[in-house]
Amino acid sequence: MASPIISTFLTGMPVAFPMMPIMIFELGTYGLVAGLLTKYTKLKMLPKLILTMLAGRIAYAITFTAIYSFFTPVIQVNNVVNAVIVGIPGIAIQIILIPILFRYFKRKKEQDA
């Protein structure tokens, strides 16, 4: 959750408002859901990853809607949909790379033990 704040102050990206608060809630949700799913379920990696990404996008949509509802009477659903569409390549990369990296580091840890 701190990375958007630090990045905003160091680089100006994401912009302080409205993207930084949206990203804070989105990233916090990713961490919370991933942790809860890992601790309290026996789901395999891919379902956990997909549920975590879905929860993060829902947090994004809720935060986006909450912030923008103060400034415009019409919620622009297309902005949330566009954010998901633009994020599809990143989602695909994460679905491919995270399980591979997870297995790699798990094996590495077992070899070092």
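Residues are numbered from 1 along each chain as its sequence is written, and side-chain values use heavy atoms, with hydrogens and water left out. Because the model is predicted, local features need pLDDT of at least 70 and side-chain atom pairs count only at pLDDT 80 or more, while totals for chains, interfaces and linings use all residues.

The protein chain has four helices and zero strands, where helices (H or I, at least four residues) and strands (E, at least two) are DSSP runs, numbered from the N terminus. Read from the N terminus, the order of elements is α-α-α-α. The C-alpha trace spans about 55 × 30 × 25 Å along its principal axes. Of the 113 residues, 24% count as buried; buried means under 20% relative accessible area, exposed over 50% and partly exposed in between, with a 1.4 Å probe and protein chains only. Among contacts (heavy atoms within 4.5 Å) between residues at least 6 apart in sequence, 53% join residues at least 24 apart.

Helix α1 (residues 2–11) packs against α2 at an angle of about 150°, and their axes are 8 Å apart. Axes here are lines fitted to C-alpha atoms, for helices over the stretch in contact, and angles run from 0 to 180 degrees between N-to-C directions. The two helices, α1 and α2, are therefore roughly antiparallel, given that angles under 35 degrees count as roughly parallel, over 145 as roughly antiparallel, 65 to 115 as roughly perpendicular and the rest as oblique. On the α1 side the contact involves Ser 3, Pro 4, Ile 5 and Thr 8, which meet Met 20, Met 23, Ile 24 and Leu 27 of α2. By class, this contact has six nonpolar, two polar and no charged residues; Ala, Val, Leu, Ile, Met, Phe, Trp, Tyr, Cys and Pro count as nonpolar, Asp, Glu, Lys and Arg as charged, and the others, Gly among them, as polar.

The loop between α1 and α2 contains Pro 14 and also Pro 18. The peptide bond from Met 13 to Pro 14 is cis, with omega near 0°, and the bond from Phe 17 to Pro 18 is likewise cis, with omega near 10°.

Next comes the pairing of helix α2 (residues 19–40) with helix α3 (residues 45–69), whose axes come within 8 Å and cross at roughly 150°. Helices α2 and α3 are therefore roughly antiparallel to each other. Among the residues making the contact are Phe 25, Tyr 30 and Leu 37 of α2 and Leu 51, Tyr 60 and Ile 67 of α3. The contact residues divide into 15 nonpolar, five polar and three charged. Thr 63, in helix α3, is buried, with a relative accessible area of 10%. Apart from neighbours within four places in sequence, Thr 63 touches Pro 21, Ile 22 and Phe 25.

Finally, the aromatic rings deserve a look. The structure holds three aromatic pairs; rings of Phe, Tyr and Trp (its six-membered ring) pair if their centres lie within 6.5 Å, and planes under 30 degrees apart count as stacked, over 60 as edge-to-face and the rest as tilted. The rings of Tyr 60 and Phe 64 have centres 6.1 Å apart and planes at 15°, so this pair is stacked. Tyr 60 and Phe 64 are four residues apart in helix α3, about one helical turn. Tyr 60 is buried at 9% relative accessibility, and Phe 64 is buried at 5%. Ring pairs link Tyr 60, Phe 64 and Tyr 68 into a cluster.
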